[in-house]
Amino acid sequence: MTTFTLNRRTLLTGTVALGTVGLLAACGGNSSKNETSALSAGDDLSKAVSYNEKDRSALKDGGELRLSADGIGPNFNILNTNGYTAGNLNIQAAINSAFTGGFYADFRGESHMNKDYVTEYKAQTVDGVQTVTFKINPKAAFNDGTPIDVNAVKSYQTIYTAAASGSDYQITPSPIWEQVASVEAVDGDTRHVKVTMSKPWYPIEGSFTSFLHPVFVEPKFFNDGLNDKPLDQYWAGPFKVGEWNSSSKVLTVVRNEKWWGTKPALERITWREMSSQAEQAAYKNGEIDYVDASTLSSYNELSGVANTDIRKGSALSVGNYEINPEKVPLPVRRAFVAALNREQLQKLRYEKLGWKETLPGSMCMLPMQEGYQDNYPTKLGKDVATKILEDAGYTKSGDYYTKDGAKVSYPVITFGSDPVVSSTAQFLVQQMKEIGVELTIENHGASEMSSIISSKNFAIKTGGYGITTSPVDAANYFYISETNNGHGKDLDSLAATMMSTEDPKEQLKIMNELEKRHLDEVAIYVPTHNGPNFKACRKGLANYGPMLFGLPYYNPNVWINVGWEKQN
């Protein structure tokens, strides 16, 4: 599989964690009549997508698509740690496709050059010196008329270089930018860019073609300038902001007359911020056109609505428990992994929904992807868990272990009100009690997820992360000590070796070794499920639905091509 990196490390930071996505209800109600199974390596990936693909000639010119979002803003700078949410990413793909820039992914995760932004691209390593050169479309410009050129690349260099040295930018550092030696125009042509690396970084194909308006270089503006202000003059894309109502959290975007590429099929798209429960009611009331149907309760409720298609695909995510190493010692983390009955959790989530999948063995890849390997620890069970604790000096006192006079007791943070959130949490509490670990449940609204995650204000939390097109970049996020408050430093050299390995097969081999060791030896991320992606939508909606790697923030052309079929 050909992969690419636009700023891949950013695309899986904790603030874009999927929260309750994939924590699917299987409590009460009737079973789904049709059984659906996740794919395995070598299967046809087209069976994992369902988006009613139609040629543009079959679509109406104009119309509106009404959508929901679990969060819009309030910070509209998606590079800012406070603005980087899944909702903002999807929306900004329509009004700021310059962020995705020169390359996009199809549903298979394969890379294609986006000639709206980049017309030529070359990455090479000669005599140990790695360079990337590319030409920018001469028509490309931000909405305020500022040309998209070498300065829109240097913006990233300035910000990430400063971030690496502890500046005031509210941004997650990017290791690839820390290895950039220079960014310059070729022969004075500001649309012809050359990036030279201080040392090679792999995979590098597609890197550095994300574009950022130079205004963001000013730290105060970067941090606060877009708070509750979707200032689209600093963006570029097929749509522009039509109206933003900050009190009702409704954002409408309309065709952008300054867009130089293909005109969107739709005239406008409207997003309304609402909870998962509210969006189901809104769909049934005819207020929105597309809604998630991946839980048993939502599937049963929505599949019978008139004029509705149910589109079934695989989720591009991995659900997990995440254990904060600053609050939970290593022996307890390893015992948690050993004791966790993922099979029973999967049964609770999916049995009545009719979804079958292999238990995930990776935070970085889906089992259907080429090169996938099950890296989950193999020494499991109650006896293994209790031995880990006792070997580390924990002693049993009543139902629970203690050490240094303190009971082994931690809160587990859950998000959302879906019934399965409660049932799986209660199962987890009972299961960990069997190995002498006390857990208490703290439930929070989905809107609190971002702040809790970014502040690391948890001991154990439920949630999930998106699967990216580059598993190597994902591993270089999850499994380096910089991400994990200094924990796992013994594996940093292996991660560095991985990123400097040019051969893709050898690099993937190292990635699997890194992941296998980290899941076992450091035990912070505990993959539990991947899950389905079922959507309910109005009949006639074309080029939109479950599409794996073809999501808008990987492929902003989705917003150009989505539309309504012509009436016969």
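Helices (DSSP runs of H or I, at least four residues) and strands (runs of E, at least two) are numbered here from the N terminus. The structure described is a predicted model, in which local features need pLDDT of at least 70 and side-chain atom pairs count only at pLDDT 80 or more, while totals for chains, interfaces and linings use all residues. Residues are numbered from 1 along each chain as its sequence is written, and side-chain values use heavy atoms, with hydrogens and water left out.

The protein contains 15 helices and 25 strands. Its radius of gyration, taken over C-alpha atoms, is 23 Å, close to the 24 Å given for 568 residues by the globule rule (2.2 Å times the number of residues to the power 0.38), so the protein is as compact as a globular protein of that length. Along the principal axes, the C-alpha atoms fill a box of roughly 70 × 65 × 45 Å. Of the 568 residues, 58% count as buried, where buried means under 20% relative accessible area, exposed means over 50%, and partly exposed lies in between (1.4 Å probe, protein chains only). With contact defined as heavy atoms within 4.5 Å, 74% of the contacts between residues at least 6 apart in sequence join residues at least 24 apart.

The protein exposes about 21900 Å², of which carbon and sulfur atoms supply 45%; these areas come from the Shrake-Rupley method with a 1.4 Å probe, and for residues only the protein chains shown count as cover. There are 55 positive and 64 negative side chains, and the centres of the two sets lie 4 Å apart. In this count Lys and Arg are positive and Asp and Glu negative, with His and the chain ends not counted, and each charge is placed at NZ of Lys, CZ of Arg, CG of Asp or CD of Glu.

According to an unreviewed UniProt entry, residues 126–485 carry the annotation "domain: Solute-binding protein family"; UniProt positions are given in the numbering used here, feature names are shortened, and annotations may be inferred rather than shown by experiment. Over residues 126–485 the chain is 28% helix and 26% strand, and the end C-alpha atoms are 36 Å apart. Helix α7, which spans residues 330–339, is mostly covered, with seven of its 10 residues buried, namely V332, R333, A335, F336, V337, A338 and A339.

Helix α1 (86–95) is likewise described as mostly covered, since eight of its 10 residues are buried. These buried residues are G87, N88, L89, I91, Q92, A93, A94 and I95, and what covers them includes β2, β9, β10, β11 and α15 (557–561). Strand β11, at residues 268–273, holds T270, which counts as buried because its relative accessibility is 4%. Most residues other than glycine have a negative phi, and most peptide bonds are trans. The peptide bond from G73 to P74 is cis, with omega near -5°, and P74 is found in the loop between β2 (64–69) and α1. A further cis bond runs from Y202 to P203, with omega near -10°, and P203 is placed in the loop between β8 (189–197) and α4 (219–224). For K249, a residue other than glycine, phi has a positive value near 55°; K249 lies in the loop between β9 (239–245) and β10 (250–255) and is partly exposed, with a relative accessible area of 22%.

Helix α14, covering residues 504–521, includes H518, which counts as buried at 1% relative accessibility. Apart from residues up to four places away in sequence, H518 touches F478, Y479, N484, L491, A523 and I524. One of these, A523, also has a positive phi, near 55°, in a residue other than glycine. A523 occupies the loop between α14 and β22 (525–529) and, at 0% relative accessibility, counts as buried.

Finally, D224 lies in helix α4 and counts as partly exposed at 39% relative accessibility. The C-alpha atoms of D224 and N82 are separated by 9.8 Å, although these residues stand 142 residues apart along the chain.
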